[in-house]
Amino acid sequence: MSLATYRKKRSFDKTTEPTGTKSKSTGELIFVIQKHDATRLHYDFRLEMEGVLKSWAVPKGPSTDPSVRRLAMMVEDHPYEYKDFEGIIPKGQYGGGTVIVWDYGTYTPIEPVKNKAEAEKLLLKQLKAGSLKVHLYGKKLKGEYALVRTRGSAGTMPGC
């Protein structure tokens with residue numbers, strides 16, 4: 001996905017969300033989970049890949065219990081700058097409601113890799129195959145998590 005879908009859904013003269021560009025970050029891969037009180041309260045799980053934030057909506061929110069699986073629906077990519085976004089998206093706008101950063105940190109693929117480029121290549125391959133396995137190093141969430149595609153376009157995220 002590109003940022004075109006993200007931009008098409010928003011009126012930047014009415015919202016403070018970042019228009020964003022692709023990141024050229026060379027540090028560790030980051031993840032962010034945002035609590036989003038829109039039409040329905042949900043959490044947005046975002047993983048940095050290819051200079052953007054690959055994103056999933058998690059209706060019931062994260063879980064720290066590995067036996068609890070949660071539905072995670074992939075949504076459009078978000079710009080890297082969205083990692084810090086908190087605020088109120090005006091009512092009537094796409095995603096209208098309050099957004100706060102709920103957790104933030106770095107992540108790695110579970111399989112060992114040598115560098116960020118190799119990590120992204122592996123993660124993108126896993127994403128395409130429908131089984132993405134990562135280790136989160138957040139303030140609230142720590143440990144191994146998986147995004148697994150099930151029937152249809154939605155996937156489940158064990159433990160999240």
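## Briefing: fold, cores and selected residues

Buried residues account for 48% of the 160 residues in the protein chain. Keep in mind that this is a predicted model. The chain carries two helices and nine strands, and its radius of gyration is 15 Å, close to the 15 Å that the globule rule gives for 160 residues, so it is as compact as a globular protein of that length. Here's the rundown, from the whole chain to single residues.

**Overall layout**

- Reading from the N terminus, the elements go α-β-β-β-β-β-β-α-β-β-β.
- The C-alpha trace spans about 45 × 35 × 30 Å along its principal axes.
- Of the contacts with a separation of 6 or more, 57% are between residues 24 or more positions apart.

**Surface and charge**

- On the charge side, you get 27 positive and 18 negative side chains.
- The centres of those two charge sets sit 5 Å apart.

**Nonpolar cores**

- The largest nonpolar core holds 20 residues, and the ones with the most contacts inside it are F45, L47, W56, Y107, L132 and L136.
- Two or more residues of this core come from each of strand 1, strand 2 (41–49), strand 3 (52–58), helix 2 (116–129), strand 7 (131–138) and strand 8 (142–149).
- Strand 2 gives the largest share of this core, at four residues.
- Another core lies apart from it, with nine residues, among them V32, L53, Y82 and I89.
- Leaving out residues up to four places away in sequence, L47 touches I30, F31, V52, L53, K54, W56, Y107, L132 and L147.

**Buried spots worth a click**

- L147, one of the residues that L47 touches, belongs to strand 8.
- L147 has a relative accessible area of 9%, so it is buried, the cut-off being under 20%.
- Between the C-alpha atoms of L147 and Y43 there are 15 Å, with 104 residues separating the pair along the chain.
- H36 is part of strand 1 (residues 30–37).
- H36 counts as buried because its relative accessibility is 7%.
- Not counting residues up to four places away in sequence, the contacts of H36 are L41, H42, D44, I89, G95, T98 and V99; I89 from that list is also in the nine-residue core.
- S63 shows that a loop residue can be buried here too: it sits between strand 3 and strand 4 (69–79), and its relative accessibility is 9%, so it counts as buried.
- S63 and I88 are 25 residues apart along the chain, and their C-alpha atoms are separated by 25 Å.

**Partly exposed spots**

- E50 falls in the loop between strand 2 and strand 3.
- The backbone of E50 is one to check: its phi is near 55°, a positive value in a residue other than glycine.
- E50 has 41% relative accessibility, so it counts as partly exposed.
- R149 is in strand 8, the strand that also holds L147.
- R149 and M74 are 75 residues apart along the chain, with 9.7 Å between their C-alpha atoms.
- T5 is found in helix 1 (residues 3–8).
- With 35% relative accessibility, T5 counts as partly exposed.
- The C-alpha atoms of T5 and D77 are separated by 7.7 Å, across 72 residues of chain.

Terms used. Residues numbered from 1 in each chain as written. Predicted model: local features only at pLDDT ≥ 70, side-chain atom pairs only at ≥ 80, totals over all residues. Heavy atoms only, no water. Buried < 20%, exposed > 50% of the residue type's maximum accessible area, 1.4 Å probe, protein only. Contact = heavy atoms within 4.5 Å. Rg over C-alpha atoms; globule rule 2.2 N^0.38 Å. Lys, Arg positive; Asp, Glu negative; His and termini not counted. Charge placed at Lys NZ, Arg CZ, Asp CG, Glu CD. Core = buried A, V, L, I, M, F, W, Y, C linked by side-chain atoms within 4.5 Å.
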